[in-house]
Amino acid sequence: MCQQQVQQQQQCVQGQLEQGIFHGFSYRKVITLNRSASPEVAILLCTYNGQQYLNTQMDSIAAQKFPHWRVWASDDGSQDDTLTILAEYRAKWPEKRLSIVHGPQKGFVANFLSLACNVNIQASYYAFCDQDDIWDADKLARALAWLQTVPDNTPALYCARTRLVDAQNRETGLSPLNTRQPCFANALTQNPASGNTMVFNHAACALLRDAGQGVAVVAHDWWLYLLVAGAGGKVFYDPMPCLRYRQHGGNLVGMKAYWLARLLRSRTVREVWRGDFRRGNDGHVRALQQRRATLTPQNRLILDRFVHARNRWLLPRLWGLWRAGIYREPLWSHLGLVAAAIFKKI
């Protein structure tokens, strides 16, 4: 895609945002959210040594305009005052607003999956939650405004752009803007949105639970995107930021904000070159093959083409990946994908 096409695409997206429309969804409908149905959102909060920022995050949850939520906090063995802070909020919030459980202490992916797969947690909708962000007051309301347009038996996932802030909550920019409709061909090599923005319905949660919490995947949020998109569910990427994504030295997973810095970071290059990206794809392929029955026929074909192409020699490999429709966003990220494919690191 040439620079002129990119600029035209960005202008188109900006025009849609000004009209309150993106991917066929009107943001003006947010104000018509049906509160009478009173669906509950289970907020899945994972903590680990989070005392520095946890209070701010908890206060932003309490300030949500959508009032029907309940927090389930899974602590992964904190050695600081995290558990004390959680206990204080449990005491001052209404009864059953906050439940605290002990995580598996096997890393953040296992911790989030342990919550998502906990059958004792039953709700209409679920939201992943990090310990150090700051939610916009309308985060849940906006997510549910879209989710409630999807039939309950259809897996549905809402995700969004983020506003990046530093440790002192000073704005540093926005996460990259993705302009194409989310789909399985994209999910195979990229998760376009952070898990901290994700809100999903019970049908999507059922896909996670059926797959089990012991699955070996790169990240819980990427796995959810793969499952929902693969099953032919609905995925909506909101180009309007829904939270303040704090970037600091303690981030387990951080957003690299600027494409040039990201391109030049030696660690990123090393990770691709030494095969981390390919090994992650190996894990996803194995996990998806176990869930093959949940994939649509078209997505099974895409998966098969992807698996076949990535193990062939150069020209058939590139041709096969193109034929499968594999892509990343934005353009610089897709070029990185092509480079990885050339060196058989995909």
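Helices and strands here are DSSP runs, a helix having at least four residues and a strand at least two, numbered from the N terminus. With that in hand, let's explore this predicted model through a few exercises.

**Exercise 1. Find out which residues of helix H7 are buried and what covers them.**

Step 1: Helix H7 spans residues 202-211, and its buried residues are Ala203, Ala204, Cys205, Leu207, Leu208 and Arg209.

Step 2: Their cover includes helix H4 (108-116) and helix H8 (220-230). Strands E6 (125-129), E8 (156-160) and E11 (199-201) are also part of that cover.

Step 3: Check what comes after the helix. Glycine 212 follows H7, and its phi is positive, near 90°.

**Exercise 2. Work out how many residues of H4 are buried, and what they pack against.**

Step 1: Count them. H4 has 9 residues, and 8 of these are buried, so the helix is mostly covered, since buried means under 20% relative accessible area.

Step 2: Name them. The buried residues are Val109, Ala110, Asn111, Phe112, Leu113, Ser114, Leu115 and Ala116.

Step 3: Find the partners. These residues pack against strands E3 (41-47), E4 (69-75) and E5 (98-102), and also against E6, H7 and H8.

**Exercise 3. Identify the residues that touch the most other members of the largest nonpolar core.**

Step 1: This core holds 54 residues, and Leu44, Phe200 and Trp223 touch the most other members. H8 gives the most to the core, with 8 residues.

Step 2: Take leucine 44 as an example. Beyond its neighbours within four places in sequence, its contacts include Trp72, Phe112, Leu115, Tyr126, Phe128 and Phe200.

Step 3: Look for another core. A second, separate one has 35 residues, including Ala156, Tyr158, Val199 and Phe236.

Step 4: In soluble globular proteins, nonpolar side chains tend to be buried together.

**Exercise 4. Is asparagine 281 buried or exposed, and what does it touch?**

Step 1: Asparagine 281 belongs to helix H11.

Step 2: Asparagine 281 counts as buried because its relative accessibility is 1%, and the cut-off is under 20%.

Step 3: Compare chain and space. Asparagine 281 and valine 217 are 64 residues apart along the chain, and their C-alpha atoms are separated by 8.7 Å.

**Exercise 5. Find the nonpolar patch on the surface and the helices that supply it.**

Step 1: The patch is formed by Trp273, Trp313, Leu314, Leu315, Val338, Ile342 and Phe343, with about 750 Å² of accessible area together.

Step 2: Helix H13 (314-324) and helix H14 (331-342) each supply at least two of its residues.

Step 3: Check one member. Isoleucine 342 lies in helix H14 and is partly exposed, because its relative accessible area is 38%.

Definitions and conventions
Residues numbered from 1 in each chain as written. Predicted model: local features only at pLDDT ≥ 70, side-chain atom pairs only at ≥ 80, totals over all residues. Heavy atoms only, no water. Buried < 20%, exposed > 50% of the residue type's maximum accessible area, 1.4 Å probe, protein only. Contact = heavy atoms within 4.5 Å. Core = buried A, V, L, I, M, F, W, Y, C linked by side-chain atoms within 4.5 Å. Patch = residues over 30% accessible without salt bridge, like charges linked within 9 Å, V, L, I, M, F, W, Y side chains within 5 Å. Areas by Shrake-Rupley, 256 points an atom, 1.4 Å probe, with all protein chains shown as cover. Salt bridge = Lys/Arg side-chain N within 4 Å of Asp/Glu carboxyl O.
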